[in-house]
Number of protein chains: 4
Amino acid sequence: MPEKRHPAIIAVIGAGQCDGKVRQMALEIGQEIARSGAILICGGLSGVMRAAAEGAKAENGVTVGILPGNDKAEANEFIDFRICTGLGEARYLIIIKTADAVIALPGRYGTLSELGFALKVGKPVVSYGSWEVSDEIIRANNAKEAVQLALQAIPG
Amino acid sequence: MPEKRHPAIIAVIGAGQCDGKVRQMALEIGQEIARSGAILICGGLSGVMRAAAEGAKAENGVTVGILPGNDKAEANEFIDFRICTGLGEARYLIIIKTADAVIALPGRYGTLSELGFALKVGKPVVSYGSWEVSDEIIRANNAKEAVQLALQAIPG
Amino acid sequence: MPEKRHPAIIAVIGAGQCDGKVRQMALEIGQEIARSGAILICGGLSGVMRAAAEGAKAENGVTVGILPGNDKAEANEFIDFRICTGLGEARYLIIIKTADAVIALPGRYGTLSELGFALKVGKPVVSYGSWEVSDEIIRANNAKEAVQLALQAIPG
Amino acid sequence: MPEKRHPAIIAVIGAGQCDGKVRQMALEIGQEIARSGAILICGGLSGVMRAAAEGAKAENGVTVGILPGNDKAEANEFIDFRICTGLGEARYLIIIKTADAVIALPGRYGTLSELGFALKVGKPVVSYGSWEVSDEIIRANNAKEAVQLALQAIPG
C-alpha cells in the first residue's frame, strides 16, 4: 500500500465498451495496480475504464478519472477523484501526461491515438493485447506481468 | 473527516505570488477546507496555491493540483495528486469545472478571469478579499466563514 | 484592405444573445474592423459574435470563428474560417491568444472571464459598453473609436 | 481557385523535421492542395508543416497554422492565418477536427497519434508514405493522387 508520498501513477487505456474477456483483463489490471500500491488513472467512463477502476477498488486502490464533460456524475462508480475537464477528447492528453506509465488493453482508434501520444511524449507503454505498432511498446502476457513491466519501465 | 464516498471539492484561486497577509489568509483557508473534510483543488504552483495546500496538509487534508505543464515536479510540495495537463492556462477551466465551489483570495487578472468563468458556469463563488464585481459573489470576512459559506452554497 | 502579409487580428467578445441596440453596436464594430483592413476573430456563434461577423462581411472583411464543438455547421453564416476545437469554453483562450487586441461589448460572465484573461496575458482591451473593472481597460464611445483605439494599442 | 463560400480544408501531418525526399513530398502535397482550391491546415511549424505550406503558397493557396504556443512568430513564413492556442500538443485535435480530410506524410509517434485520432473521429485519412496501421487508411502513390483521394473521400 502507498507508503510513499507520491505513488506511481499508471494509466489504463482501452475500449469504451468491452466484452467478457477484455473486461476480465481490465479488472485484473486494476487489481494488480492497486496491489502494487500505484494509483490508477483513466478516462473514468465505461468499458475498460470502468472494469479497471472496479478492479482497483476491489483491492482498495485509488482511482482518478479524467472526464470529458462538465458533470462528475458521468464518471463510473469506481472513480474516487473525478476531474471534470469540459475538453472532450483532449482529456486523453492529460491522462497520458499525468501517468508515469501506460498500460494499453484492446481498443480501437482512440486507444491507438493515446498510445501514439504516450510514445511521442516518452512515457513507457505496455501492451496487454493492444496495438503493437512499434518496437518501443513493451508486450505483456498477463495482468501481473503488465503492471510489473510498467512499474519497472518508469525512469528514475 | 471524509466519511462520504465523494467529499466536496473546493477550489482556491488567487495570486501566484503573495505576501505575509495574503499567505496567512490562504493558509487558513486550506486549514478550514481540510477540517471540513472537503478536498482542496488549485493550480498547484506558488503563492496562494502553495499556502492553501500547505494549510490543508497541516490538517491532514487532501490536495489536488492541476498543473500547467508536463512535469509533476513543478507542483509545490503540498500537492498530493499532481495532474499534468500540458495545457497552460486552460487548466483554470479544469479547476473550476471540477470544483463544487470556489473561494477567491486576492489576485489580479488571472483570478478575475477564473472567477468570471466560475460565475459563467454556475459555480458558487466566495470572495475572501478578492474581486467583488457581481452581486452573485458571496463575501466572507474570515477563513472559517468563507469555507462554511462555500459549502452551504453547493447545490443539492 | 489587407495589403500587409499579416493584417492585425481583432477579437470581438460579448453576449451570446443580444438585442437591437447591442446588435447594432456589434454590427458597426465588425464594419469598422473590416474597413481598417484587420481580421475579425470571435467565437463564431450567435449574438455579438454573429452581428460583428455580419458587419465585417458587409464590408468585405475576413472573419475567423473559433468554435466550441466538432461541427463547422454550428458557425454562423458570416464566418469564413471555421475552426472546430471540440474544447468547449477553452476556445476563449484561443481567441484571446490569437488576437492582437480585444474589443469587449456588453456581455455577462463569459465576457468578464475572457476580458480578464486578455488582461492577464497582456492584450490591449477596449471596452465598448462592457465591463470596466480595471484602469487598464481602454474605454470607447463609438465603434469607429473602439477600433481605432484597439489598433493604436497594439504594440510595435 | 476557391469560388465556393467554404472550400474544403485538408490537414497535412508529418514529421517536424524532414529531409530532402520527404520535404519534396510535402511541397508537392501543398501545391496540389492549393491547385485544387482547398485550404491547407497544419501545425504551422517546421518540417512537413513548413514544406507543405511553402508548396501551397507557391500556388497561391491559403494556409492556416494551429500553433502550440502564445507567439505567432513561431509560425513558419508560409502561414497566412496563425492561430495561437497556448495548448501545446492539444492543438493536434483542433487540426484534425477542423479538417475535412487528412493527408499523412512520413512521421513518427506524433503523426501516429494524430492519424489515430483522425480515424477515431471519422475523418478520411490518406497515407502518402506514412503509418498504414488500418485498412481504413487510404494509400496514395503520389501527391496528386493523395489530394484527389482526400477530396473524394470527404462525405457529402
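I read chain A along its sequence and got β-α-β-α-β-β-α-β-α-β-β-α. That is five helices and seven strands, taken as DSSP runs numbered from the N terminus (helices H or I, at least four residues; strands E, at least two). The radius of gyration of chain A, over C-alpha atoms, is 14 Å, close to the 15 Å of the globule rule (2.2 Å times the number of residues to the power 0.38) for 156 residues, so chain A is as compact as a globular protein of that length. Its C-alpha trace spans about 40 × 35 × 35 Å along the principal axes.

I note the ground rules. This is a predicted model, where local features need pLDDT of at least 70 and side-chain atom pairs 80 or more, while totals for chains, interfaces and linings use all residues. Residues are numbered from 1 along each chain as written, chains are lettered from A and ligands numbered from 1 in written order, and side-chain values use heavy atoms, without hydrogens and water.

Next, a helix pair in chain B. The axes of α1(B) (residues 20-35) and α5(B) (residues 143-153) come within 8 Å and cross at roughly 45°. Axes are lines fitted to C-alpha atoms over the stretch in contact, with angles from 0 to 180 degrees between N-to-C directions. Contact (heavy atoms within 4.5 Å) involves B:Glu28, B:Ile29, B:Glu32 and B:Ile33 of α1(B) and B:Ala143, B:Lys144, B:Ala146 and B:Val147 of α5(B).

Last, the copies. I laid chain A on chain B by a turn of 180° and a shift of 0.0 Å along the axis, with an RMSD of 0.0 Å (least squares on C-alpha atoms with pLDDT of at least 70 in both). The copies are thus related as by a two-fold rotation axis. Of the interface residues of chain A, 100% are also interface residues in chain B, so the copies meet through the same surface.
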